There are 2 protein chains.
Amino acid sequence: MSILVVGSVGLDSVETSAGKVENALGGSAIYFSVAASFFHNPIRLMAVIGDDFPQEHIHFLQSRAIDLTGLELIQGGKTFRWGGRYTDDPNAALTLFTHLNVYGDFNPKLPANHKDTHFVFLANINPELQLSVLQQTTDAKLIVCDTMNLWINNSRDALIRTLSKVDILIINDSEARLLTDESNLIRAAKAILTYGPNRVIIKKGEHGAVSLTDSTFFSAPAYPLQIVSDPTGAGDSFAGGFLGYLASTGDTSEHTIRKAIIYGTVIASFNVEDFSLNRQRSLTPAEINQRYSEIQKSVQL
Amino acid sequence: MSILVVGSVGLDSVETSAGKVENALGGSAIYFSVAASFFHNPIRLMAVIGDDFPQEHIHFLQSRAIDLTGLELIQGGKTFRWGGRYTDDPNAALTLFTHLNVYGDFNPKLPANHKDTHFVFLANINPELQLSVLQQTTDAKLIVCDTMNLWINNSRDALIRTLSKVDILIINDSEARLLTDESNLIRAAKAILTYGPNRVIIKKGEHGAVSLTDSTFFSAPAYPLQIVSDPTGAGDSFAGGFLGYLASTGDTSEHTIRKAIIYGTVIASFNVEDFSLNRQRSLTPAEINQRYSEIQKSVQL
């Protein structure tokens, strides 16, 4: 099964209680594709960069066998930049600046040899662009989507149109409440199912995640981390581990989806142990499986 | 195995988005013992009431086979009263009034035939009183304790002394953070283990609970409730279901503790479906087992 992600590639400046980084590799499409690459190859990445994007990051993505055919390079353009700070609550980022740069005019054109992609992840970008990418695919079997409060507040109609075409929405708890105006998470999840997706996965940070369909309910624990150095990219790493594992099996049964959610949890838990994608650079399949097994034991009855 | 609880018996006036009640049966020892009574009999209840305490409540407790030998009646005294309001967040009660009344002079004297109790639950009262009850027991095999922000802030030294004698502390997430000054829950739990308890169970409301020892970690899901009518007594119902089940087996292995945590979760989930102990009045063992099995399925990998 082939996987495509459309989203951001950027350079992040992040401050947390553990330290800070400047212009470090980041962006939703990056976190997603690196996470997915631990399970499946190649990941087709669709994004845009300026000519200031460091060549070393290209090499890193290539070392993860990520297919960069869809990575558009704008000569004379500047790469997307985001600056943020986290205080004690790892779920709440304070955005210090957002420089869209080349994303200001991003109009994703799917390369001809990507149109037949089976598993599509619409990372957190303008829902109009998510819809446009979707319309260019011909063989999508599973469409998974993320979003954020910016689009829920400012582009609600477009977002609702996108959601009507999506199989799975992955969203965090505060976004789910905002989208549905329901304070109870289970009611929020049920409301989301009426918008189109047949499954919603709500991420709850240190409290794990829940996955609901009309007929199933799964409660996934978090990995018990004692230190969170940098929460940036946790959600996209979760989605990448999730979809990468699913694609590696080709199966979307409830049983496999549950395993995939735990693999997503595992990759996200490693991601937040260090800034940017630093932890992923040394991450091994043995470490992933060890943590999967620890989580499995933590819910055993 | 015999169970003893020392705590409050009171009349609660509670307002939530689902409605309100006035002078309804409440108090930590009541919620605990009624919950425990679904698994084990008799529960020895130690508390104090005034002569204004309605006889119908005594009949209800007797119908649950709760042993009232330790329930002191103060002639001319007034029963403890609490008034509170919940907004959208079911974990945050706003206290409108607390009238200690007969609890102002409460000095628990364990009846002679209760001294040999095996399982002791020190519900949320002044830690000096918790310690005094503990010193009157002769055969305690498992001592479980609750507390709240009032004692953490105002009686910290006494609380730390009590904790040094306790096997299991059951506490909610905000109290665990307050007690240890650690924002990360796993670090907070590890800090609590250094105070004396060999196990800490942290309740997280809609996010379930976690249980930690030096060598084990258990993540318990919540039951996916769509409506919470009245959160009052959820924590004590959890403790009652937990300890009632444990006492019914006589076993305190990790495996049985995990099952007991799920039974505690089940009783707490029924408790919040209605005001006061109304839901418990019609609750059946078949309903309890049905919900246990649903929770078990919700974590199956």
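B:Thr232 is buried in this predicted model, at a relative accessible area of 8%, where buried stands for under 20% relative accessible area, exposed for over 50%, and partly exposed for in between (1.4 Å probe, protein chains only). The residue sits in the loop that runs between strand E14 (217-220) and helix H8 (234-249) of chain B; helices (H or I, at least four residues) and strands (E, at least two) are DSSP runs, numbered from the N terminus. The side chain of B:Thr232 makes a polar contact of 3.1 Å with that of B:Tyr86. A polar contact here is a pair of N or O atoms within 3.5 Å; within protein, one has to be able to donate a hydrogen and the other to accept it, and residues adjacent in sequence count only if both atoms are side-chain atoms. Leaving out residues up to four places away in sequence, B:Thr232 touches B:Asp12, B:Val14, B:Tyr31, B:Trp82, B:Tyr86 and B:Asn271, with contact taken as heavy atoms within 4.5 Å.

As for the ground rules, residues are numbered from 1 along each chain as its sequence is written, and chains are lettered from A and ligands numbered from 1 in the order in which they are written. The model is predicted, and local features need pLDDT of at least 70, side-chain atom pairs count only at pLDDT 80 or more, and totals for chains, interfaces and linings use all residues, while side-chain values use heavy atoms, with hydrogens and water left out.

Over in chain A, A:Ser8 is buried too, with a relative accessible area of 11%. A:Ser8 belongs to the loop between strand E1 (3-6) and strand E2 (10-16) of chain A, and its side chain gets to 3.0 Å from the backbone nitrogen of A:Ser28. Beyond its neighbours within four places in sequence, A:Ser8 has contacts that include A:Gly26, A:Gly27, A:Phe80, A:Tyr103 and A:Ile125.

Back in chain B, helix H3 (residues 127-136) is mostly covered, with 7 of its 10 residues buried. Among them are B:Leu129, B:Leu131, B:Val133 and B:Leu134, along with B:Gln130 and B:Gln136. The buried residues of this helix pack against strands E1 (3-6), E9 (119-122) and E10 (142-145) and helices H4 (149-154) and H5 (156-163) of chain B. At its N-terminal end, H3(B) is capped by B:Asn126, which has a side-chain oxygen 2.9 Å from the backbone nitrogen of B:Glu128.

Then there is the pairing of the chains. Chain A superposes on chain B by a rotation of 180° with 0.0 Å of shift along its axis (RMSD 0.0 Å), using least squares on the C-alpha atoms of residues with pLDDT of at least 70 in both. The two copies are thus related as by a two-fold rotation axis. The residue of chain A closest to that axis is A:His207, at 3.0 Å (C-alpha).

The interface has 2 salt bridges, each a side-chain nitrogen of Lys or Arg within 4 Å of a carboxyl oxygen of Asp or Glu. A:Arg177 and B:Glu206 form a salt bridge at 2.7 Å, N to O.
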